[in-house]
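Student: Please walk me through this model. I would like to learn how to read its features one by one.

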Amino acid sequence: MLGRLSHRAGWATARSQPARSAADRPPHRHSVGRRARGRDLVEPGSVHLSGAQPAGGVPPRPAEACRRPCPRRSESRRSHLMDQPTPPSVTDERPGLPQRAPAPRSPRESPPGTVPSAQGAPPRRPAELPPVHTALICVALPGLAISTDQGQLTGRGLEGYYRAGRRVLSRCQVRIAGREPLMVQARMQSADRARFVGTLRPTPHGGPDPDLLVERTRTADGVERITLHNAAMRPLRLPVEVALGTDLADLGAIAAGTVGPELPASVHDSGLRWSSPVGTARVTADPPPADALASAGLLRWEFDVPPGSSVTVELRVRLEGAGPVRSAGRAATSPLAAARATGDDPRVRQFLSTSIGDLEALLVRDPVHPMDIHLAAGAPWRCGRAPAEALAAARMTLPLGTRLAAGTLRSLARTQIRGGLRTGMIPGSRRDAGAHLPPGCTGTEATLLFPVLLAEARRWGLAERETEELLPTAERCLTWLRDAVGEDEYLRDPQPGGPVRCETQAQAHRAALLGADLLDALGRPGGRGLREWAQALRTAFRKDFWIDDPGGGRPAAARTPDGRPVPHLGAGTVHLLDTGLLGGGEYAPGLLDKVQTEQLARRLGSPVMDSGWGLRGLGAKEVGHNPFGHRGGAVRVHETAIGVSGLAAAGYEKEAGSLLRGVLAAAEAFGHRLPEMYGGEQRTEGSAPLPHPAACRPAATAAAAGVLLLTTLAGIRPDAPAGTVTLRPLRSAPLGELGLTGLRISGAAFSVRVSRLGLAMVEEAAEGLQLGA
């Protein structure tokens with residue numbers, strides 16, 4: 001009997017469960033926002049059912065649990081919880097939510113219709129995901145504060161203060177003389193702080209001009225300051241009420257719409273307190289209120305404010321037993337350098353500053369080893385550990401120093417699987433791959449990224465001692481790669497019956513070459529075998545994965561188990577251009593030959609892929625294109641940045657410059673805080689990028705992309721062990737003159753300036769660092 005069944009074009013899944021009554025059934029564990037393309041993620045242990053096959057798609061076939069990296073979901077229900085360690089397992093990635101709570105599906109991954117439940121019960125429609133594209137999200141993990149532009153916290157949707165994934169305060173409504181202020185402005189001041197300004201006329205005889213200014217400053221660490229400024233010519237007596245409430249609900253339950261009523265309050269010290277089996281929250285006020293009504297959740301004051309004077313009430317929101325919020329990114333010892341950008345384009349300064357601020361807001365400490373810091377994937381949905389995203393973001397931020405890379409590598413090294421068929425894997429969740437392919441395992445991506453990040457961090461100046469400490473973990477990753485490939489040329493999907501993905505081959509090829517370089521440099525065996533396999537992969541890939549067509553040809557997105565190509569063109573092909581940095585400022589060879597690389601660059605630069613705001617996840621002319629599809633047409637900032645970097649390194653500056661200018665324009669439209677993705681609608685005169693209602697913002701890879709995009713313009717290629725740095729700037733200087741100061745190479749400050757003629761000059765560098773050829 002099928003307890004859960006989902007269909008999509010060519011791929012369908014089901015899970016066997018005994019029949020249960022509606023009362024006995026547990027709530028659905030659907031991920032947030034899984035709603036746009038009529039499909040569901042394949043769960044470990046599920047069975048593929050026959051269905052309509054998409055053109056060029058992988059045929060459906062029976063499937064078992066992923067044989068190497070994917071154990072059953074039950075091993076990791078808490079993998080996306082804020083402030084929680086991730087157990088060493090591989091589960092379905094639910095990009096919308098912490099996994100422990102029932103939740104609706106995300107628009108990235110779910111069917112738009114009803115969700116069948118156990119036989120005999122009526123079908124249930126998933127709850128709508130609360131949109132976040134208009135929310136002001138203050139982040140300093142593990143703290144969050146989510147607000148609308150009205151400033152009042154009403155308890156609706158996601159509004160509230162959060163700590164470690166739990167809503168500590170859901171309602172905070174200010175009334176002055178019995179009325180709510182009229183909101184006139186709401187804006188983010190920094191990644192962790194929002195400011196709301198409202199006005200009020202306390203008396204009806206003062207004319208049309210408001211004479212009371214109400215300012216509220218809200219921070220992610222649970223502090224709210226309410227300041228009343230009297231602009232009238234007379235003193236004002238102001239009765240102030242703050243109505244407070246909370247449900248202490250889990251973020252997943254809030255997103256699913258399954259929260260209960262507000263909890264009863266009790267008076268505690270200079271504020272209110274709420275308790276439930278999951279915890280206790282309290283709000284304290286300074287100055288203490290004149291009156292506190294627990295039954296109504298009210299704090300009351302009465303202030304006499306002279307003309308031109310102000311009075312402030314400060315509220316502190318805390319989850320008892322959790323201790324004060326201590327954001328790793330706000331510490332004096334942040335692992336990210338405070339780099340700055342200047343130049344002809346005035347946007348670059350704010351773009352880099354906001355990117356670094358968002359990265360610092362998403363930093364989290366390893367709960368067991370607090371000195372090791374890594375990045376959460378994004379807020380509000382993915383504040384737990386996401387290995388592939390953490391490694392990718394740390395790699396893009398190497399120009400800001402190697403401390404984040406070292407902390408990320410150490411933290412993930414402790415999760416590496418030891419023993420069994422999956423020995424050497426860095427565990428990760430499963431990710432939707434779009435309309436044409438089944439979900440892929442991010443554990444594979446993370447395992448291949450680990451030796452790449454270690455090798456490149458060494459080039460940027462990671463200490464030899466730290467490199468040697470992490471080398472055994474990298475060796476196990478590379479051993480897993482060789483064992484997984486076996487006698488084949490290709491690294492196949494770990495799930496039986498899965499495709500051979502183009503993106504995975506590019507990542508495996510890069511890991512092999514950079515891993516071999518690392519092993520040779522540290523006197524370890526195995527480099528020769530990795531290079532020989534990489535050579536065999538290049539030979540086979542150029543023949544098997546290239547599809548000739550009237551447009552000049554394209555790489556296949558994948559090959560089916562029986563060898564047929566999956567021909568759709570998507571942004572995942574940019575990984576073919578991301579070959580990795582070797583010594584002497586040189587990049588590793590790629591899987592494509594020169595002619596194929598040129599053809600791919602031409603395709604990526606065409607309007608089919610370049611939306612004017614960045615690269616579409618799926619070409620506009622491909623079957624199944626959806627401008628809001630997570631991997632079906634939306635612009636994903638991470639892949640666009642990789643595309644810009646890869647195109648620039650391969651010499652295709654026109655295409656790289658066009659994509660770069662598009663992302664910079666999108667960043668300006670988003671207040672320089674890029675979401676992880678946005679709509680892939682074609683840019684036109686006077687248009688603006690379309691927000692994706694379920695996208696994380698800030699997101700680690702999107703923020704890190706800002707660092708990669710700007711440093712790509714300077715073409716910085718360090719080789720710290722050799723004491724050299726090579727500069728290969730974009731000669732076309734697409735943003736005019738650009739200066740980057742406060743970067744890091746070998747732990748020392750590094751500054752560079754690129755002229756309008758595309759010539760680069762080092763202005764500051766570590767002593768002894770030589771300019772390479």
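**Reading the fold**

Student: How many helices and strands does the chain have?

Tutor: The secondary structure comes to twelve helices and 38 strands. Helices (H or I, at least four residues) and strands (E, at least two) are DSSP runs, numbered from the N terminus. This is a predicted model: local features need pLDDT of at least 70, side-chain atom pairs count only at pLDDT 80 or more, and totals for chains, interfaces and linings use all residues. Residues are numbered from 1 along each chain as its sequence is written, and side-chain values use heavy atoms, with hydrogens and water left out.

Student: What percentage of the residues counts as buried?

Tutor: Buried means under 20% relative accessible area, exposed over 50%, partly exposed in between (1.4 Å probe, protein chains only). Of the 773 residues of the chain, 62% are buried.

Student: What share of contacts joins residues at least 24 apart?

Tutor: Contact means heavy atoms within 4.5 Å. Take the contacts between residues at least 6 apart in sequence: 66% of them join residues at least 24 apart.

Student: Next, strands. Why is S20 described as largely enclosed?

Tutor: Count its buried residues. Strand S20 covers residues 310-319, and seven of its ten residues are buried, so the rest of the structure largely encloses it.

Student: Which strands are joined to S20 by bridges?

Tutor: Two strands pair if DSSP finds at least two bridges between them. Strand S13 (residues 223-230) runs antiparallel to S20, joined by seven bridges. Here Glu-224 stands opposite Leu-315. Strand S17 (residues 279-286) is also antiparallel to S20, with six bridges. There Asp-286 stands opposite Glu-314.

Student: Which residue does Asp-286 join through a cis peptide bond?

Tutor: Read omega. The bond between Asp-286 and Pro-287 is cis, with omega about 5 degrees. Pro-287 sits in the loop between S17 and strand S18 (291-293). Ala-379 and Pro-380 are also joined by a cis bond, with omega about 5 degrees. Pro-380 is in the loop between strand S23 (373-375) and H3.

Student: And phi? Which residues have a positive value although they are not glycines?

Tutor: Ala-164 is one of them, with phi about 55 degrees. Ala-164 lies in the loop between strand S7 (160-163) and strand S8 (166-169). Asp-269 is another, at about 50 degrees. Its loop runs between strand S15 (265-268) and strand S16 (271-276). Asp-269 counts as exposed, at 68% relative accessibility.

Student: Now a helix. How far does H10 reach?

Tutor: The expected span of a helix is 1.5 Å times one less than its number of residues. Helix H10 (residues 637-650) has 14 residues and reaches 20 Å from first C-alpha to last, close to the 20 Å expected. Gly-651 follows H10, with a positive phi near 95 degrees.

Student: Is H10 mostly covered or uncovered?

Tutor: Mostly covered: twelve of its 14 residues are buried. Among them are Val-637, Ile-642 and Leu-647. The buried residues pack against several elements, including helix H3 (387-396), helix H9 (594-604) and helix H12 (700-714).

Student: How many salt bridges does the structure hold?

Tutor: Side chains of opposite charge can pair when their charged atoms come close. A salt bridge is a side-chain nitrogen of Lys or Arg within 4 Å of a carboxyl oxygen of Asp or Glu. The structure holds 50.

Student: Which residue forms a salt bridge with Asp-344?

Tutor: Arg-756 does, the closest N and O atoms being 2.7 Å apart. Arg-756 lies in the loop between strand S36 (748-754) and strand S37 (760-764), and Asp-344 in the loop between strand S21 (340-343) and helix H2 (347-361), so the pair ties together parts 412 residues apart in sequence. Arg-756 is exposed at 56%, and Asp-344 is partly exposed at 35%.

Student: Which residues are linked with Asp-366 in a network of salt bridges?

Tutor: Asp-372, Arg-385, Arg-410, Arg-414 and Glu-466 are linked with Asp-366. In the Arg-385 to Asp-366 bridge, the closest N and O atoms are 3.5 Å apart. Arg-385 is buried at 7%, and Asp-366 is buried at 5%. Arg-414 also bridges to Asp-366, at 3.2 Å. Arg-414 is partly exposed at 39%.
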